[in-house]
Amino acid sequence: MNNHSDSWACIHAGEDRRGRNTPLTEPIAQTSVFALSGIEELRRIAEGQSASYLYTRYANPTTRVAEQKLAALEHADDCLVTASGQAATLCAVLAVCVAGDEIVSMLDLYGGTLKLFEDGLRRFGIRTRFVPFGELGNIERYFSERTRVLFLETPTNPTLRCVDLEALAAIARRRGMVTIVDNTFATPILQKPLDLGCDLVVHSATKYLGGHNDITAGALCGSALAVAAARELMKQLGACLDPFASYLLIRGLKTLEVRMQRASENAGAIAGALQQHARVARVLYPGLASNDGHACAQKQMRGFGAMVSFEIRGGTPEVERFAQALETWTLAASLGGVESTFSYPLLSSHVGLTEARLRELDVSPATIRLSVGIENAAELIGDLRQALDRT
Ligand SMILES: *Cc1c(COP(=O)(O)O)cnc(C)c1O
């Protein structure tokens, strides 16, 4: 915990250089191993009496700065950065669960997480029960004696549904369960799950935290004890982040707050403009007063985020014409960078799902997901309008 602003955390956390003649920016400790002063230092490390760096897979000074920034931003004791968001989720869950334990999660999960829970973790004897969105109010029905983890994601991908973190974490806490939240879409600038009673936060730092579509990285934030347990697993799994990627993450984090402010502002303007367009059937954005999740988002978020989804009038042929006509927006399967991109869930994140499942998730062949960047809002809207006019 600290009393600093998010701006301070982004720019200064982990980087105290007062009274020292050092580089102003964080040097990249591009090394796999660290020289030691002698056998005595090695002995102290072996006995757990020293915090000296030993080997980059365990810890690295550049990586550590990224961790300190994220811990400050999430109001966490500590943070662990990992090779990807998937690695962060795996380390978080394995820090809590052993074979025979159960996870309760949502059907509206990021596709990679869904696969990890349904396939990878199942092979380790950890089973997951997926709650449909409309059933979240009856979540206790899905708990069993063996449930250890409640894993949540909000706003969801791609329909941006909002889940009440404070209410669900309180229910889980009464049952002695650990609540883990994927905070990738909101970022700590807009939402701090630990302040709402959740226990652990995971991130795909590949998205907004890095912010420039140039790294693959993950992070996990929580109590010192939980992060230490996850770090031990990260060492065993070899899921460490490279020092150079850590540097790019630090570099990206410096502007996280201003990027999120600008991108969210753009997203609000874009959602409003899309709602006015005759070729748009429906806009999904928690910032719209008409959105089902508006009150929930208002309660737990400071801003509504930079992801906007909408349904075009028609289906796949109209989506194709729209995609072809766009000039500034790029078709790309990721999100969270400075550049505006769009994706088509039916053929990417939600490919191969049954019609019933797609209906349940509120995804259709007309659904388009926008990742709004930090360009000029009027230009972004102009491009969307001219492309919609051509459908
Ligand atoms: C991308 C993403 C992940 C997975 O992160 P990787 O960095 O690709 O491993 C997890 N959750 C959400 C919400 C994501 O968007």
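## Strand pairing at the sheet edge

In this predicted model, threonine 330 has threonine 341 in strand 11 as its bridge partner. Helix 12, spanning residues 316-325, packs on the sheet and touches strand 9 (307-312), strand 11 and strand 12 (367-371). The direction of helix 12 makes about 125° with that of strand 9.

Strand 10 pairs with strand 11 (residues 341-343) in the parallel sense, over 2 bridges. The sheet is open, consists of 5 strands in the order 8-9-12-11-10, and shows mixed pairing. Strand 8 (280-284) and strand 10 (330-331) each have a single partner strand and stand at the edges, so one side of each lacks a neighbour in the sheet.

Aspartate 383 is located in helix 14, which covers residues 377-389. Beyond its neighbours within four places in sequence, aspartate 383 is in contact with Ala325, Leu326, Glu327, Thr328 and Trp329.

Aspartate 383 is buried but forms no salt bridge. Arginine 390 provides the nearest side chain of opposite charge, at 7.7 Å, whereas a salt bridge requires a separation within 4 Å.

## Overall architecture

The protein chain contains 14 helices and 12 strands. Its radius of gyration is 21 Å, close to the 21 Å given by the globule rule for 391 residues, so the chain is as compact as a globular protein of that length. Along the principal axes, the C-alpha atoms fill a box of roughly 75 × 55 × 35 Å.

Of the 391 residues in the protein chain, 56% are buried. Among contacts with a separation of 6 or more, 74% involve residues 24 or more positions apart.

Definitions and conventions. Residues are numbered from 1 along each chain as its sequence is written. This is a predicted model: local features need pLDDT of at least 70, side-chain atom pairs count only at pLDDT 80 or more; totals for chains, interfaces and linings use all residues. Side-chain values use heavy atoms; hydrogens and water are left out. Helices (H or I, at least four residues) and strands (E, at least two) are DSSP runs, numbered from the N terminus. Buried means under 20% relative accessible area, exposed over 50%, partly exposed in between (1.4 Å probe, protein chains only). Lys and Arg count as positive and Asp and Glu as negative; His and the chain ends are not counted. Contact means heavy atoms within 4.5 Å. Two strands pair if DSSP finds at least two bridges between them. Axes are lines fitted to C-alpha atoms, for helices over the stretch in contact, and angles run from 0 to 180 degrees between N-to-C directions. The radius of gyration is taken over C-alpha atoms; the globule rule is 2.2 Å times the number of residues to the power 0.38.
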